[in-house]
Amino acid sequence: MGYIRHPSYYKKFKCIGSDCTDNCCIGWEIDIDENTLAYYQQISGTFGRKLQEKIALPASDSEGNAHFIMDSTERCPFLNDCNLCDIFIHLGEAHLSQICTDHPRFYEWFSDGREEGLGLCCEAAAKLILQNTGYPEWDISYDEETVEAASEDIRLLEQLLFSMRETLFSIIKPETDTPLDSKMNQLYQTALSMQKQYDDILFPFPEAEEPHAEDALNWSLLFWQEDFLSALLDSCLCLEINDAEWRDLLLAAKASLPEIICHRPAFLQYYQQKLYEYDQLLIYFIYRYFMKTLVDDLLLEKVNFALLSVSIIQLLDIFCWLRDDTLTAWQQLCLCKLYSKEIEYNTDNTDFLSGYAITE
């Protein structure tokens with residue numbers, strides 16, 4: 001019997017449907033899993049014919065998935081004028097494609113169970129992620145189908161990484177008065193030490209050799225340098241961009257970097273009562289990505305991605321605050337959602353930022 005772990009807010013999530021100002025059925029290619037496709041191909045009548053006409057099948061020699069054919073405005077053909085799903089209405093929730101059922105949920109499987117979470121790209125989920133919940137709390141249940149066969153070595157690595165992740169959570173600890181920049185620096189230095197420890201286990205150096213030692217650096221101080229930020233935003237502008245709003249926002253922020261850097265202390269004072277949001281975002285990114293170290297062994301990159309993500313969001317927060325003389329809860333939620341859609345849901349973009357190094 002294996003565990004199922006998720007944040008305490010996970011089961012509070014509910015799709016708000018047509019009340020959503022965005023829509024996960026617009027602007028995204030929606031894949032159809034094989035079981036759902038087989039069911040759709042058996043549906044008869046007018047609705048069945050529409051189903052079959054609006055599905056693009058993969059080439060016979062391709063490993064790709066079937067997907068819905070979006071209309072000229074990038075809408076799913078089954079998203080009706082009320083922004084509700086006609087498949088849900090006609091066939092029921094049980095017959096949605098797997099990706100439609102799961103979104104914005106994500107899952108990670110381990111030898112003794114699995115973890116679940118909510119993605120930041122959905123405004124209903126982002127609202128839950130940003131709330132002031134303090135130190136992360138988990139709900140844990142058990143299910144016989146969550147256990148996968150794994151070697152003892154894999155189990156030990158998993159337990160080591162879970163323990164390391166818990167150490168990172170204890171550094172973030174939203175209820176402490178430690179300044180955010182200090183937490184950022186401590187997270188980076190701790191992750192640097194963890195990477196060395198992890199590497200020593202997997203790739204021990206021969207006795208005659210010594211690993212290269214990296215000098216401690218002030219991560220936050222280096223991030224908030226104009227030259228670094230200018231280069232970082234230029235790099236982000238060269239990545240694949242889904243929404244023109246994202247490009248416009250990056251360009252405007254780049255043009256305002258001197259003002260953003262100069263007024264950051266004033267913004268942090270202005271936003272003092274809501275600085276916990278950055279803690280919650282750090283927890284989110286580390287919870288979602290840290291355990292992926294099991295796949296590529298790049299522990300430090302997972303923490304670096306969390307630090308960069310939260311800092312970029314803060315940079316955009318400051319820009320909007322300077323532009324509008326305020327930063328509302330709705331603006332913050334939309335900025336987080338936009339960042340997530342552009343970076344998290346494009347593997348190439350996520351990989352690029354994960355490896356984007358802070359250097360002196």
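Strand 1 (residues 2–7) and strand 6 (residues 113–118) run parallel and are joined by three bridges. Strands here are DSSP runs of E with at least two residues, helices are runs of H or I with at least four, and both are numbered from the N terminus. Two strands count as paired if DSSP finds at least two bridges between them. In this pairing Arg5 stands opposite Glu115. The model is predicted, so local features need pLDDT of at least 70 and side-chain atom pairs count only at pLDDT 80 or more, while totals for chains, interfaces and linings use all residues. Residues are numbered from 1 along each chain as its sequence is written, and side-chain values use heavy atoms, with hydrogens and water left out.

Strand 1 also pairs with strand 7, antiparallel and through six bridges; there Gly2 stands opposite Asp143. Strand 6 is joined in turn to strand 5 by six bridges, again antiparallel, and Phe106 stands opposite Gly117. Together these strands make an open sheet of four in the order 5-6-1-7, with mixed pairing. Strand 5 (105–110) and strand 7 (138–143) are the edge strands, each pairing on one side only. From one strand to the next the twist averages 20°. Six of the six residues of strand 1 are buried, so this strand is largely enclosed by the rest of the structure. Buried means under 20% relative accessible area, exposed means over 50%, and partly exposed is in between, with a 1.4 Å probe and protein chains only.

Arg5 also lies over aromatic rings. It sits over the face of Tyr3 at 4.7 Å from the ring centre, and over the face of Phe162 at 5.2 Å. A charge is taken to sit over a ring if NZ of Lys or CZ of Arg is within 6 Å of the ring centre and within 35 degrees of the ring normal.

A second sheet is open and has three strands in the order 2-4-3, with antiparallel pairing. Strand 2 (31–32) and strand 3 (55–56) stand at the edges with a single partner strand each, so one side of each has no neighbour in the sheet. Two bridges join strand 2 to strand 4 (residues 66–68), and Ile32 stands opposite Ala66.

Among the helices, helix 9 (residues 226–238) and helix 10 (residues 244–255) pack at an angle of about 160°, with their axes 10 Å apart. Axes are lines fitted to C-alpha atoms, for helices over the stretch in contact, and angles run from 0 to 180 degrees between N-to-C directions. Helix 9 is therefore roughly antiparallel to helix 10, a term for angles over 145 degrees.

The structure holds 25 aromatic pairs. Rings of Phe, Tyr and Trp (its six-membered ring) pair if their centres lie within 6.5 Å; planes under 30 degrees apart count as stacked, over 60 as edge-to-face and the rest as tilted. Tyr289 and Phe305 have ring centres 5.2 Å apart and planes at 80°, so they are edge-to-face. This pair links helix 12 (residues 276–289), which holds Tyr289, to helix 14 (residues 299–324), which holds Phe305. Both Tyr289 and Phe305 are buried. Elsewhere, ring pairs link Trp219, Phe223, Trp224, Phe228, Phe352 and Tyr356 into a cluster.

Helix 14 also contains Ser309, which counts as buried at 0% relative accessibility. The C-alpha atoms of Ser309 and Ile129 are separated by 15 Å, and the two residues are 180 apart along the chain.

Conventions:
Angles under 35 degrees count as roughly parallel, over 145 as roughly antiparallel, 65 to 115 as roughly perpendicular and the rest as oblique.
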